[in-house]
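Have the sequence and the 3D view open as you read.

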Amino acid sequence: MHRSLRLVALALVVLLAAGCGLRSASGAVLKAKPGTIQHYDSLEGVPITVAAKDFTEQLILGNMLSIILNAVGADVTNMTNTPGSFGVRQAMLDGTANISPEYTGTGWINYMGNEEPIKDPVAQWQAVDEADQANDLSWLPPAPMNNTYAFAIRESEAQRLGVTKLSDLTGLPRQALTFCVESEFANRNDGFVPMLRTYGLTRAKLGRVIHLDTGVIYTATANGDCNFGEVFTTDGRIPTLNLRVLEDDKQFFPLYNLTEVIDTALLDAHPELAEIFAQLNPRLTNETMMTLNAKVDSDGEDPAIVARDWLISEGLLT
């Protein structure tokens, strides 16, 4: 999923690398008709460019926004698959793009350079929205989904040990406290060791700690090479590998709730955009996003088709 610019940039690289999957081959916008999200005459022919990043979750979300905006009447350019967070950010800042799916923590920490995250999701959203008004960008009320760091355990072992949250770890014997983490997270001053400290643990109280590449951690955890693996909370491998994400009950990790960033001038001219995405965002939970990500990364489906089919299944479009 942060408290210095250099380190958060590294964390972002890890996040992007962890999420890489199959990508749509073009910027085409798949067709769908209005559903509970209605057509808006006021948006008919309005040019809107959507920019999204180049990893699985963003490929799905960028196509989702593009398909919705096309269905409600806008003339959409789909820039999904733009390389990297800062590529999308620059497109928003220079006006090449008007809307992007983004994470509140990324905006607050990576783009705006704040070292301390805000623990309340509403307050974090309000803070990043207020700060970005200086750049003529507005952040809509976010979705429940929070793509942040977490620790997961295979379901069978979670049941045997009786763990559901990170604070449960203090009650486990040393031999059960085995971890798979990637090296950068293990050594960062806002990473593994401070997390342990928050939950009343130290490295000396642990069993084996294995350093692995981020993508390998999921399978290593599922295979029992360690009990607790560092993961990202909306990764599709979590349900595919039958892992249980432990609750961060002391709220150590920053919040990365998803929402839409919109050019403020466009939003002022078309406030109906807020109405449209207010119908979408409440439906985007961690569980929903994990399922959609798994369809791409595990089942090999195209992210644009996954996005369209889900919108139709939810009745938002037809």
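## A serine on the inside

Let's start with serine 100, which is buried at a relative accessible area of 2%. That is well explained by the cut-off: a residue counts as buried when its relative accessible area is under 20%. Keep in mind that what you're looking at is a predicted model.

Where does serine 100 sit? Its place is in strand E3, which covers residues 99–103. Leaving out residues up to four places away in sequence, serine 100 touches Ala51, Leu65, Val88, Met92, Thr259, Glu260 and Val261.

Which residues touch the most other members of the largest nonpolar core? They are Met64, Leu273, Phe277 and Leu280, in a core of 57 residues. Helix H2 (residues 56–72) gives this core its largest share, nine residues. There's also a second, separate core of 33 residues, and its members include Phe185, Phe228, Ile238 and Leu243.

Setting aside neighbours within four places in sequence, phenylalanine 277 is in contact with Leu65, Leu69, Ile99, Leu140, Glu260, Ile262 and Pro282.

## H2 against H12

Now for H2 and its partner, helix H12 (residues 272–280): their axes come within 12 Å and cross at roughly 130°. The two helices are therefore oblique to each other, and the crossing of H2 and H12 is right-handed.

On the H2 side, the contact is made by Met64, Leu65, Ile68, Leu69 and Val72, and on the H12 side by Leu273, Ile276, Phe277 and Leu280. What classes of residue are in this contact? Nine are nonpolar, with no polar and no charged residues.

## H4 and its two partners

Helix H4 (residues 104–111) packs on helix H5 (residues 121–132) at an angle of about 50°, with the axes 9 Å apart. That makes H4 oblique to H5, and the crossing of these two is left-handed. H4 brings Thr104, Gly107 and Trp108 to the contact, while H5 brings Gln124, Trp125, Ala127, Val128 and Ala131. Sorted by class, the contact of H4 with H5 has five nonpolar, three polar and no charged residues.

H4 also packs with helix H3 (residues 85–93), here at an angle of about 85° and with the axes 12 Å apart. H3 and H4 are therefore roughly perpendicular to each other. In this pairing, Ser85, Phe86 and Arg89 of H3 meet Thr106, Asn110 and Tyr111 of H4. The residues of the contact of H3 with H4 divide into two nonpolar, three polar and one charged.

## Helix H9 and the glycine after it

Which residues of helix H9 (residues 214–222) are buried? Thr214, Ile217, Tyr218, Ala220 and Thr221 are. Following H9 is glycine 224, with a positive phi near 85°.

## Loops worth a look

Two residues other than glycine have a positive phi here. Aspartate 136 has a phi near 60° and lies in the loop between H5 and strand E4 (137–139). Glutamine 251 has a phi near 55° and lies in the loop between strand E9 (243–245) and strand E10 (258–263). With a relative accessible area of 44%, glutamine 251 is partly exposed.

Proline 141 lies in the loop between E4 and strand E5 (149–154). Buried, exposed or partly exposed? Proline 141 counts as partly exposed, at 48% relative accessibility. Beyond its neighbours within four places in sequence, proline 141 is in contact with Trp125, Thr259 and Asn281. Thr259 is 118 residues away along the chain, yet the C-alpha atoms of proline 141 and threonine 259 are separated by 6.6 Å.

Finally, find aspartate 299 in the loop between helix H13 (286–297) and helix H14 (303–313). Aspartate 299 is exposed, with a relative accessible area of 53%. The C-alpha atoms of aspartate 299 and threonine 240 are separated by 9.8 Å, with the two residues 59 apart along the chain.

Terms used:
Residues numbered from 1 in each chain as written. Predicted model: local features only at pLDDT ≥ 70, side-chain atom pairs only at ≥ 80, totals over all residues. Heavy atoms only, no water. Core = buried A, V, L, I, M, F, W, Y, C linked by side-chain atoms within 4.5 Å. Buried < 20%, exposed > 50% of the residue type's maximum accessible area, 1.4 Å probe, protein only. Helix = DSSP H or I, 4+ residues; strand = E, 2+ residues; numbered from the N terminus. Contact = heavy atoms within 4.5 Å. Axes fitted to C-alpha atoms, helices over the stretch in contact; angles between N-to-C directions. Parallel < 35°, antiparallel > 145°, perpendicular 65-115°, else oblique. Left-handed = near helix turned anticlockwise from the far one by under 90°. Nonpolar A, V, L, I, M, F, W, Y, C, P; charged D, E, K, R; others polar.
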